[in-house]
Amino acid sequence: MKVVPRRPAGDTGARPGERGAAPMVPGLARALAGELVRRADEERGLMRQARDRPAGPWPGLLVACRAGNAEALATIVRRYGWPATDRVGAPASTAALMILLHAPDLGLQLGCRDLIARAAADGRCPALHHAYIADHCAVELGLPQYYGTRVDPATLRPYPVRRPGTVDERRRDVGLGPLEEQLRHLSDGVWGLRET
């Protein structure tokens, strides 16, 4: 009997460009893109409901939605690699990032962070995607973030930033405006992840 070791939580398995990552034909890419966008839209709707009516069932439904979305994303990544822009299009790749940022599994986030870094370095997805997930993981690990994209909702100020004197240079390199501009937009209620 052959014993197959289980992957640790968050291990995404196949890596893009490596053996084991299944090819993605155009029809499959369209189907996955539609599913990712549908899931992200569903989560956005539940987030609005939970914000507007916190006493209802919405917060619990949102938690369940995020867990289901994370499981679906992990399956996609394990089979096909990160759903980068060149494979599923910009809206679906951004939807995958949003699902990842809200996933309850830091191990999945860390594994995908590395896949997104490679995809961004290869020009297969925007560097901005890597900035968001890199900052998210750093804050979750209690480390300073690189780009200042994570903001404390209580203070509307960024969580600690590594080398804050050069943060705007790093932000410019990934297509973000100056940090103070982001914070002004946030305080005006208009800041959020763009679909790139």
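Predicted model: local features only at pLDDT ≥ 70, side-chain atom pairs only at ≥ 80, totals over all residues.
I number residues from 1 along each chain as its sequence is written. Local features need pLDDT of at least 70 and side-chain atom pairs pLDDT 80 or more, while totals for chains, interfaces and linings use all residues; side-chain values use heavy atoms, without hydrogens or water.

**Entry 1: α1 and α4.** I looked up helix α1 (residues 26–52) and helix α4 (residues 90–101). Helices are DSSP runs of H or I, at least four residues, numbered from the N terminus. The two axes come within 8 Å and cross at roughly 50°. Axes are lines fitted to C-alpha atoms over the stretch in contact, with angles from 0 to 180 degrees between N-to-C directions. On α1, I find Ala33, Leu36, Val37, Arg39, Ala40 and Glu43 in the contact (heavy atoms within 4.5 Å). α4 brings Pro91, Ala92, Ala95, Ala96 and Ile99. I log nine nonpolar, no polar and two charged residues for α1 with α4. Asp, Glu, Lys and Arg count as charged; Ala, Val, Leu, Ile, Met, Phe, Trp, Tyr, Cys and Pro as nonpolar; the others, Gly among them, as polar.

**Entry 2: α4 and α5.** Next I checked α4 against helix α5 (residues 106–121). Their axes lie 10 Å apart, at an angle of about 150°. α4 and α5 are therefore roughly antiparallel. This crossing of α4 and α5 is left-handed. Leu97, Leu100 and Leu101 of α4 meet Leu108, Gln109, Cys112 and Ile116 of α5. I log six nonpolar, one polar and no charged residues here.

Technical notes. Helix = DSSP H or I, 4+ residues; strand = E, 2+ residues; numbered from the N terminus. Parallel < 35°, antiparallel > 145°, perpendicular 65-115°, else oblique. Left-handed = near helix turned anticlockwise from the far one by under 90°.
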